[in-house]
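Have the picture open while you read.

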Amino acid sequence: MQARRRDISIKSIVRNTENGNIVYDHPMQRKPGQWDKEQQSLLIHSILSGYSIPQVYALELHEYYDESFSVLDGKQRFTTICDYVNDGFKLIQNLPTITLSRLETVTNENGERIPKFTNTEYDISGLKYSELDGVLKEIFMDYNFEIVLLCDYSDEDVETQFYRLNNGTALTKDQKTRVVLGDELARFLDEQEEKDFFTKKASFTGTQRKQGAVQSCILQTLMMVLDDYNYKDTTNKSLLEFAEWFRANHKQSDLEYVADLFDKLDEALPETGKPYKLMKKINIPIFAYLVQIADEVGLSMSEYGECIKSFFDSYTPDCEYAQLSRKLSYKKESIDARTAIIEKMIREWRTVA
């Protein structure tokens, strides 16, 4: 792998993002929208104030064409900039004022040419980009980022570089697991997360989705259904260990099988316009795993869905399932006990049906 450094202005970043020369879809990257308004506003303020901002790492897309690349580390910075230029958000209130010094050469009373500095202050709090003073817009668009362009790289080079860039920083443990999985499996996770089941029926908060909780849920399901993997719990440490093992040992049939489980779970539950409250991270792997049992006893997916909804309707904070969910819920013993409760219900439901 080789690297070369170059500067790129915000004007070029915005233009090349709009025309597709700069892309942000590398599977190692976190999803957009990780930053809150304060983080976004401080970036804009830093640019206008002239503060140093960390370099961005990117992958060369076209040999020796430096304005076309895939962003590897720096996505939140670049997408925040483009969003702001397009008036996507207002800056927060109470930002420090921007002070600009302008140099003029004047003649003193002795006829000598001397420098004169004039300071002008600008309050940018609460402003969209279109509301900035023209001078500030010019400074903003002319600001240069340093880009480290990686070329002649392998997938392993990219994964190693990304992991080393983020090791010990703000990546969550869920997100680090994604790096361990590699490109192919990271794409598989994305494909599953974009399905209607996870976007319309599963119950995840926005923060959980950003931090990679859906990804962990899918991996936990894989851990449960694979006969040749014995897990002891579903902690982040165990998920990292599983990710390493699965990357080396997975088969295409494993991915197809788990994808089918989620498709059938989606089929079982009709869309209601809002997520199912109990269809959350702690429960989804169990309901996906038990699709196998529903198939085994001859339940149609609509019948399995009725069984699940019956469980939801009868659920109380004091029921046995809920009590097991509160105590060491990440342990295999707890997961097995909760799975057994639902499995018993499925088998009895078949008898009733």
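## Helices and rings

Start with helix H11: its 14 residues should span 20 Å at 1.5 Å a residue, and the C-alpha atoms at its ends are 20 Å apart, so the two values agree. Keep in mind that this is a predicted model.

Which residues of H11 are buried? They are Ser238, Leu239, Phe242, Ala243 and Phe246. An α-helix has 3.6 residues a turn, so residues three or four places apart point the same way. Now turn to the face of H11 that points away from the buried side: there you'll find the exposed residues Lys237, Glu244 and Ala248.

H12 has 17 residues and reaches 25 Å from its first C-alpha to its last, close to the 24 Å expected at 1.5 Å a residue. Among the buried residues of H12 are Leu255, Val258, Phe262 and Leu265.

On to the rings. A pair of aromatic rings is described by the distance of the centres and the angle of the planes. Counting rings whose centres lie within 6.5 Å, the model has 20 aromatic pairs. In one of them, tyrosine 229 and phenylalanine 242 have ring centres 4.9 Å apart and planes at 70 degrees; planes over 60 degrees apart count as edge-to-face, so this pair is edge-to-face. Tyrosine 229 lies in the loop between helix H10 (213-225) and helix H11 (236-249), while phenylalanine 242 is in H11, so the pair ties together parts that are 13 residues apart in sequence. Buried or exposed, what is tyrosine 229? Tyrosine 229 is buried, with a relative accessible area of 14%, and phenylalanine 242 counts as buried too, at 0% relative accessibility.

Here's another edge-to-face pair: phenylalanine 311 and tyrosine 321, 5.0 Å centre to centre with 70 degrees between the planes. Phenylalanine 311 is in helix H15 (residues 301-314) and tyrosine 321 in helix H16 (residues 320-326), ten residues apart. Both phenylalanine 311 and tyrosine 321 are buried. They also belong to a cluster, linked by ring pairs, with Tyr276, Phe287, Phe312 and Tyr315.

Finally, some rings have a charge sitting over them:

| Charged residue | Ring | Distance from ring centre |
|---|---|---|
| Lysine 137 | Tyrosine 129 | 5.6 Å |
| Arginine 338 | Tyrosine 321 | 5.9 Å |

So tyrosine 321 pairs with phenylalanine 311 and has arginine 338 over its face.

Key
Residues are numbered from 1 along each chain as its sequence is written. This is a predicted model: local features need pLDDT of at least 70, side-chain atom pairs count only at pLDDT 80 or more; totals for chains, interfaces and linings use all residues. Side-chain values use heavy atoms; hydrogens and water are left out. Rings of Phe, Tyr and Trp (its six-membered ring) pair if their centres lie within 6.5 Å; planes under 30 degrees apart count as stacked, over 60 as edge-to-face and the rest as tilted. Helices (H or I, at least four residues) and strands (E, at least two) are DSSP runs, numbered from the N terminus. Buried means under 20% relative accessible area, exposed over 50%, partly exposed in between (1.4 Å probe, protein chains only). A charge sits over a ring if NZ of Lys or CZ of Arg is within 6 Å of the ring centre and within 35 degrees of the ring normal. The expected span of a helix is 1.5 Å times one less than its number of residues.
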